[in-house]
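Dear colleague,

Here is the structure I said I would pass on. My notes on what was found in it follow below.

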Amino acid sequence: MSSLSEHRPGVRRELELTPTKGTSMATSPWWQGAVLYQLYVRSWRDSNGDGYGDINGITQQLDHLSWLGIDGLWLSPTMPSPDADWGYDVSDYTGVHPELGTLGDLDALIAEAGRRGIRVLLDLVPNHTSSAHPWFIDAASGRDAAHRDYYVWADPVPGGGPPTNWLDATGEPAWQWHPATGQYYLHNFLPAQPDLNWWQPAVHAEFRQILEFWFDRGVAGFRIDVAHGLYKDAELRDNPPLAPTSSDSDRLAGRFGQRPVYSANRPETHGVYRDWRKIAESYSPPRLLLGETWTGDLSSLASYYGDDDELQLSFNFPVVFARFPAELPDLVDETLAALPTGARPVWTGSNHDVGRFPSRWCHGDPARIRLALLILLTLPGTTVLYYGDEIGMTDVAVPAELQRDPMTQAGSPQGQRDRARTPMRWNGAPGAGFTGPTVTPWLPIGPAAVNVADQRGDPDSVLSLCRRLVDLRHGELGAGVAGYRRLASPPGVWSYTAGPLLVTANLAATPAAMPDQGAEILLRTGPAAAGLGPWEGVVARGG
Ligand SMILES: [Ca+2]
């Protein structure tokens, strides 16, 4: 649509979208019951043969997403960046990375996706910028530079040394000495990613404008990187040690033996989201704020929803790192109990940082992969699939000489991240349908046996199962907040109702009896049989 490519500042454009299947936009937000798809742009489809996926590649391949029934995309970072952290080091918040396309290409993608009823979320990185961002270049030019206070600068402690004991994401001190101006600056990630200073009101003003710039262009919302970050302790206190006996939740958030009490999860950050929520709600439909809330504590997770006035959705990392499937039933109960009334959960198993659930949860076992998809797609709230989840793509062991992620090359608690960023397998041919057959892709392509083309033609494939589950979700759960109720069930079996659906999951490698549910079976992840197979899940229509 030409109207989408004409950006007129100050004009709040309504998203041009066909109504989403099965949802009532008047009564519930579009993301309720929706299936979002995290699309790692560099690895999805390469339209110009340079070995990197790009925005035009997405536009050309949108039919896959509408065929699958996807409601919204979250694009991995699209903004200009030196790529020290593959786009999570932004040098211009209102542009498009030239290797990925142009602003016009992104406008065209938003318009084409909108015609298919698919919304587009961008990745926003407000915790830090690139050291190549003009704000930082100015800030580093002198102590009285106009943008000096956009970043966290501090003097050495008496006697010398970094201002605090904080560690960055690689385990190194989070403070970089800057000899030219005689102070340290803070970087919770790489030294090329200086942390912004959210105590500085001008930073708030900058990000309000960035939000409005993209919302005005028809962007449906943001996934917010390091949403638990932003503010740091004003007094710059040392982080306490992580005790050897600490709980799972402390270990999840812990960083190289520290509890990041003063370098993240500060109470002041909630004010930023209350502010952004007002901006999001000033658009029609309201824009979505989905946070990367990296906390192991469900009450801390719940706090990011505020009083229905902060983030509308917050990622649940305790679930991501749960032992699958045994720990899920209790974690779902605990999550729903922790969230404030009316708050919606969001479920996911894979992402670009933590790896793919078919490997971490399922060890590549097809039965468990199918069960995981069934669970993710029948729980109430919003489900986020990572590209490749729909065909059961597993992590790829990328040889050291082909690794591209500087952050995790030297080792990381979450493992080497390239393993979950390899190109989408569209077919079994050379280039995988991702790029040309003679092009060297930026990361190696995984095994040919798992690919979209073969699975589309096979009614028993993971892809066919995933599509049926998405369809079931839209048909049965889409119209509002589906109530979840855990049912009494024998040991090793998890039964619950979600709206009109009755779900039964065998959580073990041994067969189990099919509960007498007297209901019509709509779908099962294993072959027809009298009982439940190992790791089998069944969806029935409740009585
Ligand atoms: Ca390309």
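The domain bounds used here come from an automatic or database domain assignment. With those bounds, the C-alpha centres of domain 1 and domain 2 lie 31 Å apart. Please keep in mind that this is a predicted model.

The assignment gives domain 1 as 2–129 + 202–477, domain 2 as 134–186 and domain 3 as 484–541. Between domain 1 and domain 2, 15 residues of the former are in contact with 15 residues of the latter. On the domain 1 side, the residues touching domain 2 comprise six nonpolar, five polar and four charged ones.

The largest nonpolar core contains 135 residues, and Leu39, Leu73, Leu121 and Ala372 have the most contacts inside it. Helix α16 (residues 462–477) contributes the most to this core, namely eight residues. Leaving aside residues up to four places away in sequence, Ala372 touches Phe324, Gly349, Phe357, Trp361 and Cys362.

Strand β11 (residues 382–386) is worth a look. Five of its five residues are buried, so the strand is largely enclosed by the rest of the structure. Thr382, Val384 and Tyr386 lie on one side and Thr383 and Leu385 on the other, and both faces are covered.

Regards

Definitions and conventions. Residues are numbered from 1 along each chain as its sequence is written. This is a predicted model: local features need pLDDT of at least 70, side-chain atom pairs count only at pLDDT 80 or more; totals for chains, interfaces and linings use all residues. Two residues are in contact if their C-beta atoms, placed from the backbone, lie within 7 Å. Ala, Val, Leu, Ile, Met, Phe, Trp, Tyr, Cys and Pro count as nonpolar, Asp, Glu, Lys and Arg as charged, and the others, Gly among them, as polar. A nonpolar core is a set of buried Ala, Val, Leu, Ile, Met, Phe, Trp, Tyr and Cys residues joined through C-beta atoms within 7 Å. A residue is buried if 20 or more other C-beta atoms lie within 10 Å of its own, exposed if 12 or fewer, and partly exposed in between; C-beta atoms are placed from the backbone. Helices (H or I, at least four residues) and strands (E, at least two) are DSSP runs, numbered from the N terminus.
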